[in-house]
Amino acid sequence: MKNIITDLKFSKRSQGWVHVYIDHRYSFTIDLIGAAAFSIGQELQADMVNRMKLKNGFRSAYICAIRYLGHRQRSRGEMAQYLGGRRKFSRETVSVTIERLSEEGYLDDKEFARAFVESRIRSRPRSCALLRQELSQKGIDDEVIVTVLEGVDDERLARCSIEKKLKLWVKLDPATFKKRLIGFLQRRGFSLSV
């Protein structure tokens, strides 16, 4: 292959970017300033094309990651799963993107875990065991989970979780009340001893 630039087209979706076509096929996207160095009919070295494609992949992954973070805070594990699994970026691209986001302060597993636990305690209290399981599913390291859940009391969480339900159950007979209470707390992950 000769790697000859056959077309340069302005991006319709992203202002200030140019799509570069090599041998009549889309190859990579470059910013307007970088595109000034290219012209139709110009021949590019294979290593330059590969570098530009890799750089384009990093940029695309970073933009996808920032959009994904726009909805809510994410863990490193969630981001890796999103970029590698759903968006199909290469492992190297995912790894570089996650490191960049971490350095810039967008990804912080400890802060994510702390905020997640606080949110769960405030909105839908559940046991430490269930919180540990949820954090683990989101890719949080065990050390971080232990640190974040330190000082969280299962009994206090159980009391918080039944506060709203007590008003509904106050007129029930003692046996039904106990049955509903135990079932509710078990579904929230609390042990029988709690």
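**Entry 1**

I started at Gln 42, which is partly exposed with a relative accessible area of 25%. My cut-offs are under 20% relative accessible area for buried, over 50% for exposed, and partly exposed in between, with a 1.4 Å probe and protein chains only. This is a predicted model, where local features need pLDDT of at least 70, side-chain atom pairs count only at pLDDT 80 or more, and totals for chains, interfaces and linings use all residues. Residues are numbered from 1 along each chain as its sequence is written, and side-chain values use heavy atoms, with hydrogens and water left out.

I placed Gln 42 in the loop between α1 (32–35) and α2 (46–69). Helices here are DSSP runs of H or I with at least four residues, strands are runs of E with at least two, and both are numbered from the N terminus. I then looked up the C-alpha separation between Gln 42 and Ala 113: 51 Å, for 71 residues along the chain.

**Entry 1**

I note Leu 107 as buried, because its relative accessible area is 4%.

Next I went to strand β3 (residues 25–31), where Thr 29 has its place. Thr 29 has 8% relative accessibility, so I count it as buried.

Which side chains does Thr 29 touch? One is His 19, through a side-chain polar contact of 3.0 Å. Another is Tyr 26, again side chain to side chain, at 2.6 Å. By polar contact I mean a pair of N or O atoms within 3.5 Å; within protein, one must be able to donate a hydrogen and the other to accept it, and residues adjacent in sequence count only if both atoms are side-chain atoms.

**Entry 2: Asp 173**

I found Asp 173 in the loop between α8 (154–169) and α9 (174–187). The side chain of Asp 173 makes a polar contact of 2.7 Å with the side chain of Thr 176. Asp 173 is partly exposed, since its relative accessible area is 39%.

**Entry 3: salt bridges**

How many salt bridges does the structure hold? I have eleven. The criterion is a side-chain nitrogen of Lys or Arg within 4 Å of a carboxyl oxygen of Asp or Glu.

I looked at Asp 7 and Lys 9, whose side chains meet in a salt bridge at 3.8 Å, N to O. Asp 7 is partly exposed at 25% relative accessibility, and Lys 9 is partly exposed too, at 39%.

Then I took Arg 120 and Glu 134, which meet at 3.1 Å, N to O. This pair links distant parts of the chain, with Arg 120 in helix α5 (residues 109–123) and Glu 134 in helix α6 (residues 128–137), 14 residues apart. Buried or partly exposed, for Arg 120? Arg 120 comes out partly exposed, because its relative accessibility is 23%.

Glu 134 also forms a salt bridge with Arg 126, the closest N and O atoms being 2.9 Å apart. I count Glu 134 as buried at 14% and Arg 126 as buried at 9%. I also noted a network in which salt bridges with shared partners join Arg 72, Glu 78 and Lys 138.

**Entry 4: positive phi**

Most residues other than glycine have a negative phi. I checked two that go the other way.

Asn 3 has phi near 55°, a positive value in a residue other than glycine. Asn 3 is in the segment before β1 (5–10), and I count it as buried because its relative accessibility is 12%.

Lys 88 is not a glycine either, yet its phi is positive at about 65°. I found Lys 88 in the loop between α3 and α4. Lys 88 is exposed, with 67% relative accessibility.

Arg 87 lies in the loop between α3 (76–86) and α4 (91–103). Arg 87 has a relative accessible area of 40%, so I list it as partly exposed.

Which residues form the positive surface patch? They are Arg 13, Arg 67, Arg 86 and Arg 87. For a charged patch I need residues with over 30% relative accessible area and no salt bridge, like charges being joined within 9 Å. Lys and Arg count as positive, while His and the chain ends are not counted.

Terms used
Patch = residues over 30% accessible without salt bridge, like charges linked within 9 Å, V, L, I, M, F, W, Y side chains within 5 Å. Areas by Shrake-Rupley, 256 points an atom, 1.4 Å probe, with all protein chains shown as cover. Charge placed at Lys NZ, Arg CZ, Asp CG, Glu CD.
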